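Here is a short briefing to read with the structure open beside you. Take it one topic at a time, and find each part in the picture as you go.

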Amino acid sequence: MAAKRRTVVVVTGSRAEFGLLDPVMRAIVGHRALRLRSVVAGAHLAQGTWRDVTAAGFAIDAKVPMQRSKTVGRDADVAAVGRGVSGFGRAFADLKPHVVVVLGDRIEAFAAASSASIGGLHLAHVHGGDRAQGVADDAMRHAISKLAHLHFAATPQSRKRLVRMGEQPRFVFNVGSPALDGLGNVEPATDAPQVIVIQHPIGAVDTDECRWMRQTLQATRGYARLIFAPNGDPGSNGVRAALKQAAVAVVEHLPRHRFLPLLAGARAIVGNGSAGLIEAAALGTACVNVGPRQAGRQRPAHVIDCDYGQRAVRAALTRALGLDLGRVRHPYGDGRAGQRIADLLAEIDLSAVRLRKQNCY
């Protein structure tokens, strides 16, 4: 008699983290001891990027609306979290997972983690223990880690940080980042730009966000560039105002399988997205990391950090374009995280993982 498969619910709330969850979800589907259930929420539904999930071949088993269309700001995020906690509770009650998986530090992951924890479900967290200032990223990420029972860290340093936070060492695993999975097969696009610009808000007032984006645009003028719209975090209206004032062409969204060849073919990525610090190095592309959004996050040697400002960004870009990247030692693993996570989800004895958590310190 065949053993019953373990049901794993993976929650995805945005285009960015779905790119990282994709290899995890594929590994779960391919594992004979696991059954995947997908819950799509938040920004995916507000921005229409949930279509990336179905285009990748995954069925959507539940949808949890959170953000209201065109409503941006901290108050809006607070209301969205409330809707999310309730909505995830209903979805989990229907799907009856053995384990809920979330990634990162966004409000969708926090709402799902809160619902799973309060609802008495085992929670696994991918990319816990990292540091990245963002809008409220550090606080949100570490709060999710304190709710989680299983931890799939992306670097040895992140694993050590989780253990220092009081998490059970035997349930904290260094698996690497799934962002690197499959990158060895990416071919540079022949139509790639010289520079990719992706600058997200950090939650400042719109006038500051607008000024900082305008300065980055001025610093990258003269290069063949591809400019992406920001995410929907607080302050995004200011970033969009600068893009509108500059009358530049903006790409709202590209699926990951189209974005990665462009990143591989570009000479540099400029802005403050995590792709610059993680995927870009693996693809041989330099990165200019602007401002404090990624403060504290581990970075390979291909990253040049700089403050906001036209002169600062321009000088950093000149340095970045002169780097001899060669073979970059990457702190985020070897590109096999998805399979490691699936194997652990299947092998761990959940009866030994106490739902009623207790700190080890």
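Across the whole structure, which is a predicted model, a search finds 14 salt bridges.

**A salt bridge to find**
- As background, side chains of opposite charge can pair when their charged atoms come close.

**Two helices side by side**
- Now look at helix α5 (residues 107-118) and helix α6 (residues 137-147), which pack with their axes 9 Å apart and at an angle of about 20 degrees.
- Angles under 35 degrees count as roughly parallel, and α5 and α6 are therefore roughly parallel to each other.
- The crossing of α5 past α6 is left-handed.
- Which residues of α5 meet α6? They are Ile 107, Ala 109, Phe 110, Ala 113, Ser 114 and Ser 117, and their counterparts in α6 are Met 140, Ala 143, Ile 144 and Leu 147.

**The seven-stranded sheet**
- Seven strands make an open sheet with parallel pairing, and their order is β3-β2-β1-β4-β5-β6-β7.
- The edges belong to β3 (62-64) and β7 (172-174); each has a single partner strand, so one side of each is left without a neighbour in the sheet.
- From one strand to the next, the twist averages 20 degrees.
- Strands β5 (residues 122-126) and β6 (residues 150-153) run parallel and are joined by three bridges. Ala 124, for example, has Leu 150 in β6 as its bridge partner.
- Helix α6 turns up again here: it lies across β4 (99-103), β5 and β6, and runs at about 145 degrees to β5.

**The five-stranded sheet**
- Another open sheet has five strands in the order β9-β8-β10-β11-β12, again with parallel pairing.
- Here β9 (225-227) and β12 (303-306) stand at the edges with a single partner strand each, so one side of each is left without a neighbour in the sheet.
- The twist in this sheet averages 15 degrees from one strand to the next.
- Four bridges join β11 (residues 286-290) to β12, and these two strands run parallel. To see where they line up, find Cys 287, which stands opposite Val 303 in β12.

Methods
Residues numbered from 1 in each chain as written. Predicted model: local features only at pLDDT ≥ 70, side-chain atom pairs only at ≥ 80, totals over all residues. Heavy atoms only, no water. Axes fitted to C-alpha atoms, helices over the stretch in contact; angles between N-to-C directions. Parallel < 35°, antiparallel > 145°, perpendicular 65-115°, else oblique. Left-handed = near helix turned anticlockwise from the far one by under 90°. Contact = heavy atoms within 4.5 Å. Pairing = 2+ DSSP bridges. Salt bridge = Lys/Arg side-chain N within 4 Å of Asp/Glu carboxyl O.
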